[in-house]
Number of protein chains: 2
Amino acid sequence: MQAVLNFIDNNREKYLQELKNFLKIESISSDPEKKSEMDRCADFIKEKFSELGLDKIQTLNRDGFQIVYAEKIIDHNKPTILFYGHYDVQPVDPIDLWKSPPFSGEIRDGKIWARGATDDKGQLLTHLKSVEAFLSTSTELPVNVKFVIEGEEEIGSPSLGKTIAAHKDLLACDAVVISDTSMYDDKTPSITYSLRGLAYFQIGITGPNRDLHSGTFGGAVMNPIQEMCDLLSGMKDKNGKITIPGFYDDVLKLTKAERDGFKKLKFSEKAYMKVLGVKELFGEKGFTTLERTGARPTLEINGIWGGFTGQGAKTVLPSKAYAKISMRLVPHQTPKKIEKLLKDYLKKAVPKSVTYSVEALHGGEPALTSIEGKAIQAAARAMKSTFGKTPVFTREGGSIPIVVEFGRLLKAPVVLMGFGLATENLHSPNEHFDLNNFHKGIHCSAAFMNEFIKQ
Amino acid sequence: MQAVLNFIDNNREKYLQELKNFLKIESISSDPEKKSEMDRCADFIKEKFSELGLDKIQTLNRDGFQIVYAEKIIDHNKPTILFYGHYDVQPVDPIDLWKSPPFSGEIRDGKIWARGATDDKGQLLTHLKSVEAFLSTSTELPVNVKFVIEGEEEIGSPSLGKTIAAHKDLLACDAVVISDTSMYDDKTPSITYSLRGLAYFQIGITGPNRDLHSGTFGGAVMNPIQEMCDLLSGMKDKNGKITIPGFYDDVLKLTKAERDGFKKLKFSEKAYMKVLGVKELFGEKGFTTLERTGARPTLEINGIWGGFTGQGAKTVLPSKAYAKISMRLVPHQTPKKIEKLLKDYLKKAVPKSVTYSVEALHGGEPALTSIEGKAIQAAARAMKSTFGKTPVFTREGGSIPIVVEFGRLLKAPVVLMGFGLATENLHSPNEHFDLNNFHKGIHCSAAFMNEFIKQ
């Protein structure tokens, strides 16, 4: 095992260069113009699989962006770990706020800066490189390994569920490991045992059949932006409670033990506010910030647009207004039910003076797993030995819809072992990944495989 | 006089070609990239002045877009008419909704289609062409004429007030004629005796100091779009009343005679709704549509933007949100007072969890003139003889801030003699101008000069 760890240390520069090359590919899954980049990125991973000497390298799906697969089966009597990750990334706008080009992979301050650095290219690469360290040093892998790397995570993984279902035997495993979450802070490793689900919608409001002069027609017809504001404003009250009827009906209440667990984490609201540059926090009354972001459902407006948005003054009364909103869900809420509740709300709230449309863009179930399992405990030991500190078990606010699917279809526990930091600007300009955590992540992945066979 | 009218009829095609050339110039005053087009447009008008043989052709101002001037003084004992118009036009977006390119001046269905066709190039050209008809036929002009054509009307005429003040003697006149308003309908000429004023603002809300991941941070901080929606929604109630404290304090109440006058106009709500494609109208409770658009103050959201507005789903919790809003004012409201009331409202309503900015972009006083004056009565007779129908006196919802300034500085009555139609998409895609009204407008302008000296 020492040979493996030495190999990882000695190849730090080489691994960094590989990550940089990975990050240079502009694999934005939501952008129709980046289709060839998506294919290039899938090919890049297959090439890495091939360099490692993995077997059965293939694309599992026909429709949608490639879900690439590879495996190394050492011994059928050994347990099997399936590593999941995604090579697609978020869009880069607003582009002018990036300090270095989003696909340059510039290195400064001990970090690598690029879209996808922490979410998820940097994190997923740790597992490829840990396996490489075993194979390159002729150290026997403690477990059989399988890789499933997809390219549609940022657009809701539309192909992954059915692909897993279609390849249940090929993908059979004893645990699924996903590194697509964050550490509690830069000194405290953490294992996420719960993720929020997601229900994402686009709402459109149409008033008059064309843009009108606000002087000539102002005051006579419902302004679609006004109606949109009324609707969105009407979805949340002054206490931060979501007022869509029935929204909280299925919410699993936090146990006293969980609330105590949150309290024990040394969370500083003051430091949090400073980092975010706000003078006051705002959220659901009766809950702490960690509870609000990790264990309570939320509704956020992700985007809004309508009318004249250029420089200066144009006195238009617009025809249309749009908004994107999303709800983060907690057990036992479901995107289907939330979609119905939203549609019921709109049906009742929208007046006859406008028409509206609502489109469900993205959905995922919330997840909650036991922290007592063999895999999660092996991950905890690996993290402790790598980072020198016992990990905390956290609930994370983000969503990885596929976590639920993996557990359900493969009947295997899913371990969320994150090496990223919540402050690494995932989904924002200037995304980055701490190089020290990249390096430790590779160590931790190797340690995990070792620990998994121990007990 | 018959020679003049014949000349106008015989030159219909030539005038149309000139209008087309005028409309091909992309004189968007709010677009910094169109500066050279603005200069080209001012030069075009000077050239027209020159072709007519007018005198003292010049640019009156040094700063801002050119205010061009020319005159023809026949006899110092004759009265003088000053014609005002503007050669700048509104932006063209959304460009994809135009059926023909906005600066092509395509002719179809008896109309000319282009940005600026009715607002105001087509309308202002009528007066140049009526003067041309007198001069070309060696018919003595009944009055001395002066032209003031500016290029900043669509951005609030920032240079015109001080320019008038600096050239009071040069601009001295007995009446100002402006054709920048609409006829009541395509068969009914009208003279506008009141215009609404305008107070236009841009509001910005900043929440966290950068875009955040809505999963990780959602629920913990105030979303600036949410706050913007709350603020905008809070400015108007379900009865269409504006709820900014003090907003209605200075509103001059409609007299019974005025309300009766509105009632007499055969206004069909059904036809109006059909044209606009809405199933229900919405406006201030207790007032009719004509009162709402002509004689009551309004507040419209002209634009809103923030967060992710591209295709698909991006789970961002944005840092910033913006909106443009404008109020139409009636006597005796003032933009200054309204700005103060809005700022007071925001100061009180915006919570500590976000910061805000508010910028006054554009303002103009409302105008109300007597319908008994000599000039307005001459205009009424000219319209009756040209269109074959007695004009109605209307209050118009739009704003021409400079109307107030002209009256105040030159101590001359301002006559608003509109040849456009409210349905001609001014400020919208597919702006156009009825060619019959263009032609009649030239006749009417000539008739007005004749009528003015009659009584």
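1. Two residues are in contact here if their C-beta atoms, placed from the backbone, lie within 7 Å. By that rule, 81 residues of chain A and 80 residues of chain B make up the contact between the chains.

2. A word on provenance: this is a predicted model, in which local features need pLDDT of at least 70, side-chain atom pairs count only at pLDDT 80 or more, and totals for chains, interfaces and linings use all residues. Residues are numbered from 1 along each chain as its sequence is written, while chains are lettered from A and ligands numbered from 1 in the order in which they are written.

3. On confidence, pLDDT is the predictor's confidence in each residue, from 0 to 100. Chain A averages 94, and 100% of its residues score at least 70. The model's ipTM is 0.76 and its pTM is 0.76.

4. Back to the contact. Helices (H or I, at least four residues) and strands (E, at least two) are DSSP runs, numbered from the N terminus. Elements giving two or more residues to the chain A side include α8 (224-233), β12 (298-307), β14 (320-329) and β15 (355-364) of chain A. The most comes from β12(A), with 9 residues.

5. By class, this side of chain A holds 29 nonpolar, 36 polar and 16 charged residues. Ala, Val, Leu, Ile, Met, Phe, Trp, Tyr, Cys and Pro count as nonpolar, Asp, Glu, Lys and Arg as charged, and the others, Gly among them, as polar.

6. Do look at β12 in both chains. Two strands pair if DSSP finds at least two bridges between them; β12(A) and strand β12 (residues 298-307) of chain B are joined by 5 bridges and run antiparallel. A:Trp305 has B:Trp305 as its bridge partner in β12(B).

7. As for chain A itself, there are 15 helices and 20 strands. Its C-alpha trace spans about 80 × 50 × 45 Å along the principal axes. Buried residues (20 or more other C-beta atoms within 10 Å of their own, C-beta atoms being placed from the backbone) make up 56% of the 455 residues in chain A.

Key: A residue is buried if 20 or more other C-beta atoms lie within 10 Å of its own, exposed if 12 or fewer, and partly exposed in between; C-beta atoms are placed from the backbone.
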